[in-house]
Amino acid sequence: MTPDVAYVALGSNLGDRAAYLARAREALARIPGARVIGESSIDETAPLGPIAQGPYLNQMIALETVLTPGELLEALHDIELRLGRVRAERWGPRTIDLDLVLMERQRSDDDHCRVPHPELVHRAFWLRELAELRSVSVE
């Protein structure tokens, strides 16, 4: 299979946020069939949704991968679990949040894996991070 480029959003607003992002980057680099080819700068953003919580640190990572969107999303969920992510309430605070935002060539309309991510156009920080990654050569 020809490798694709996937863009993964990282976010954390619990505990040592920078350490959670670093641990997530390290785990992303170890996904079989994927390699990190770019990292955006880290932004601090206000939380989204109705639940009162602290600000997030966010970053976007570009991965070259031979995985399908579903396979990559499964790997992201495994990393979240290992890093203590608890899915107690939607839009709630979290140690780490990994979202598959976009893939250059692949799309998915599966109920459990939508690529591009349906919230992409509503998250200005994702658009900034994507623009930053795409302004430099990632392949």
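Predicted model: local features only at pLDDT ≥ 70, side-chain atom pairs only at ≥ 80, totals over all residues.
User: At what angle do the axes of helix α1 and helix α2 cross?
Analyst: Two packed helices are described by the angle between their axes and the distance between the axes. Here helix α1 covers residues 17-29 and helix α2 covers residues 69-82. Their axes come within 10 Å, and the crossing angle is roughly 140 degrees.

User: Which term describes the orientation of α1 and α2 to each other?
Analyst: The axes of α1 and α2 cross at roughly 140 degrees. Angles over 145 degrees count as roughly antiparallel and 65 to 115 as roughly perpendicular. The pair α1 and α2 is therefore described as oblique.

User: Is the crossing of α1 and α2 left-handed or right-handed?
Analyst: The axes of these helices come within 10 Å of each other. In passing α2, helix α1 makes a crossing that is right-handed.

User: How many of the residues in the contact of α1 with α2 are nonpolar?
Analyst: From α1, the residues Arg23, Ala27 and Leu28 take part, and they meet Leu76, Ile79 and Arg82 of α2. Of the residues in this contact, 2 are charged and none is polar, while the number of nonpolar ones is 4.

User: Is Glu80 buried or exposed?
Analyst: Glu80 belongs to helix α2. A residue is called buried when its relative accessible area is under 20%. The value for Glu80 is 1%, so Glu80 is buried.

User: Which residue has the backbone nitrogen that the side chain of Glu80 reaches?
Analyst: Beyond its neighbours within four places in sequence, Glu80 is in contact with Arg85, Arg87, Ile96, Asp97 and Leu98. The side chain of Glu80 reaches a backbone nitrogen at 2.7 Å, and that nitrogen belongs to Leu98.

User: With which side chain does the side chain of Arg25 make a polar contact?
Analyst: Arg25 is placed in helix α1. Not counting residues up to four places away in sequence, Arg25 touches Leu10, Glu39, Ile42, Gln59 and Ile61. The polar contact of the Arg25 side chain, at 2.8 Å, is with the side chain of Gln59.

User: What distance separates the C-alpha atoms of Ala19 and Thr95?
Analyst: Ala19 is located in helix α1, and with a relative accessible area of 30% it is partly exposed. Along the chain, Ala19 and Thr95 are 76 residues apart.

User: Is Gln106 buried or exposed?
Analyst: Gln106 is found in the loop between β5 (97-103) and β6 (108-110). Its relative accessibility is 15%. The cut-off for burial is under 20%, so Gln106 counts as buried.

User: Which residue provides the backbone oxygen that the side chain of Gln106 reaches?
Analyst: Leaving out residues up to four places away in sequence, Gln106 touches Met1, Asp4, Leu67, Thr68, Pro69 and Val115. The Gln106 side chain reaches a backbone oxygen at 3.3 Å, and the residue that provides this oxygen is Leu67.

User: What is the omega of the cis peptide bond that joins Val115 and Pro116?
Analyst: Pro116 is placed in the loop between β7 (113-115) and α3 (124-134). The bond that joins Val115 to Pro116 is cis, with an omega of about 5 degrees.

User: How far apart in space are Ala124 and Leu100, C-alpha to C-alpha?
Analyst: Ala124 lies in helix α3 and counts as partly exposed at 47% relative accessibility. In sequence, Ala124 and Leu100 are 24 residues apart. From C-alpha to C-alpha, their separation in space is 16 Å.

Key: Residues numbered from 1 in each chain as written. Heavy atoms only, no water. Axes fitted to C-alpha atoms, helices over the stretch in contact; angles between N-to-C directions. Helix = DSSP H or I, 4+ residues; strand = E, 2+ residues; numbered from the N terminus. Parallel < 35°, antiparallel > 145°, perpendicular 65-115°, else oblique. Left-handed = near helix turned anticlockwise from the far one by under 90°. Contact = heavy atoms within 4.5 Å. Nonpolar A, V, L, I, M, F, W, Y, C, P; charged D, E, K, R; others polar. Buried < 20%, exposed > 50% of the residue type's maximum accessible area, 1.4 Å probe, protein only. Polar contact = N/O pair within 3.5 Å; in protein donor to acceptor, adjacent residues only side chain to side chain.
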